[in-house]
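Please read the numbered points alongside the sequence and the model.

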Amino acid sequence: MPPAAAAVRASKRTRRDRVVLTLASTTTLQVLRGHVYQALGVHPGNAQFYLGSRRLQGSPDETLASMRIFPGSCLKVVDTGEHAADDLASLIPASAHTSKKEEGAGFGGTVLASS
């Protein structure tokens, strides 16, 4: 074995799930979470982002530029495991659900409701 090859050490754990995403500076944190879910399968509620050692925290509407994420930046994604990857119901806000009154209206006020 040549001495140069023996001096190189690489961890098999690092970079195993490396994905390159091309995003605009106006991309929001919420949209980034969606891209990460599509690319890596990490639930948007579980994704924690790190730029170097700095954890990125912000509102869902905050842009990459406002968080000082520049072109060529390498973000690390950590899956907290809080939600199952296929639990998409937790992504729907409670205000989006219909109320009982709206749910029971059916075809009221239409020709289909008259007998």
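1. Three strands form an open sheet in the order β2-β1-β3, with antiparallel pairing; strands are DSSP runs of E of at least two residues, helices runs of H or I of at least four, both numbered from the N terminus. Two strands count as paired if DSSP finds at least two bridges between them. The edge strands are β2 and β3, each of which pairs on one side only. From one strand to the next, the twist averages 35°, where axes are lines fitted to C-alpha atoms, for helices over the stretch in contact, and angles run from 0 to 180 degrees between N-to-C directions.

2. Helix α2 (residues 29-40) packs on this sheet and touches β1 and β3; contact means heavy atoms within 4.5 Å. The direction of α2 makes about 105° with that of β1.

3. This is a predicted model, in which local features need pLDDT of at least 70 and side-chain atom pairs count only at pLDDT 80 or more, while totals for chains, interfaces and linings use all residues. Residues are numbered from 1 along each chain as its sequence is written, and side-chain values use heavy atoms, leaving out hydrogens and water.

4. Strand β1 (residues 47-51) is joined to β3 (residues 75-79) by five bridges, and the two run antiparallel; L75 is the bridge partner of L51. With β2 (residues 54-56), β1 pairs over three bridges, also in the antiparallel sense, and L56 is the partner of F49. β1 and β2 form a hairpin with two residues between them, and G52 in the turn has a positive phi of about 70°.

5. Which residues of β1 lie on its covered face? They are A47, F49 and L51, whereas Q48 and Y50 lie on the uncovered one. Not counting residues up to four places away in sequence, A47 touches R33, V42, V77 and V78.

6. The largest nonpolar core has eleven residues, among them L29, V36, F49 and M67. Such a core is a set of buried Ala, Val, Leu, Ile, Met, Phe, Trp, Tyr and Cys residues joined through side-chain atoms within 4.5 Å; buried means under 20% relative accessible area (1.4 Å probe, protein chains only). α2 and β1 each supply at least two residues of this core.

7. The mean pLDDT (the predictor's confidence in each residue, from 0 to 100) of the protein chain is 77, and 66% of its residues reach 70 or more. Over residues 9-14, pLDDT stays under 50, and the model has zero contacts beyond four places in sequence for them. Where pLDDT is low, the predicted coordinates should not be read in detail.

Key:
Buried < 20%, exposed > 50% of the residue type's maximum accessible area, 1.4 Å probe, protein only.
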